[in-house]
Amino acid sequence: MSKQALSDIYQTMFAHDQWCPCDSDLRFRECCGPYLRLEEPAPSPEALMRSRYVAYVCGDEHYVLHTWHSTTRPLVMNLAEDEATKWTRLNVLDSKMVGGHDHLGTVQFEAFFIQSGRLCC
C-alpha cells in the first residue's frame, strides 16, 4: 500500500476517533496511532507488538519492516499480495519485561485471521 494511502487511513482513524484495531479498548489516537505515524516509538514490547499487529491489519509493510530486527527481517515484503488474509482479533496472553528495561521483554499473544474462508490463529 502506498504511503499516502496509509497516511489517509491513519488520518481517518484519528479524525473519527476510532477504536484501535489492536483490541486494547483504547482509541487509535491514544494507542497505536502515534507509533504507526512515526510520531514516537512504542514505549514497551507489548505496545510494539500491538502496533505491528495494526500494521498488518492496515497493510503497512513499511512499519512492519521498520520495526523488525535487521538480523532477521526480509529485504522486502508485499502485504498487498496477501489480500486473501483478513486479520480479525488480537489477544495478548502475557507480557513481561526483561531485566527492568522498558524496551526488552516478551509478549505472548494470539492473532486471529480469516484465510480462504477459514478462521486461523
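Buried means under 20% relative accessible area, exposed over 50% and partly exposed in between, with a 1.4 Å probe and protein chains only. At 13% relative accessibility, Thr-85 therefore counts as buried. The model is predicted: local features need pLDDT of at least 70, side-chain atom pairs count only at pLDDT 80 or more, and totals for chains, interfaces and linings use all residues. Residues are numbered from 1 along each chain as its sequence is written, and side-chain values use heavy atoms, with hydrogens and water left out.

Thr-85 belongs to strand 1 (residues 85–98); strands are DSSP runs of E with at least two residues, and helices are runs of H or I with at least four, numbered from the N terminus. Not counting residues up to four places away in sequence, Thr-85 touches Phe-113, Ile-114 and Gln-115, where contact means heavy atoms within 4.5 Å.

Aromatic rings of Phe, Tyr and Trp (its six-membered ring) pair if their centres lie within 6.5 Å; planes under 30 degrees apart are stacked, over 60 edge-to-face, and the rest tilted. The whole structure holds five such pairs, including these:

| Pair | Type | Centre to centre | Angle between planes |
|---|---|---|---|
| Phe-14 and Phe-28 | edge-to-face | 5.6 Å | 85° |
| Trp-87 and Phe-113 | tilted | 5.0 Å | 50° |

Trp-87 lies in strand 1 and Phe-113 in strand 2 (residues 101–115), so their pair ties together parts 26 residues apart in sequence. Trp-87 is partly exposed at 24% relative accessible area, whereas Phe-113 is buried at 16%. Tyr-53, Tyr-56, Trp-87 and Phe-113 make up one aromatic cluster. Phe-28 is buried, with 0% relative accessibility.
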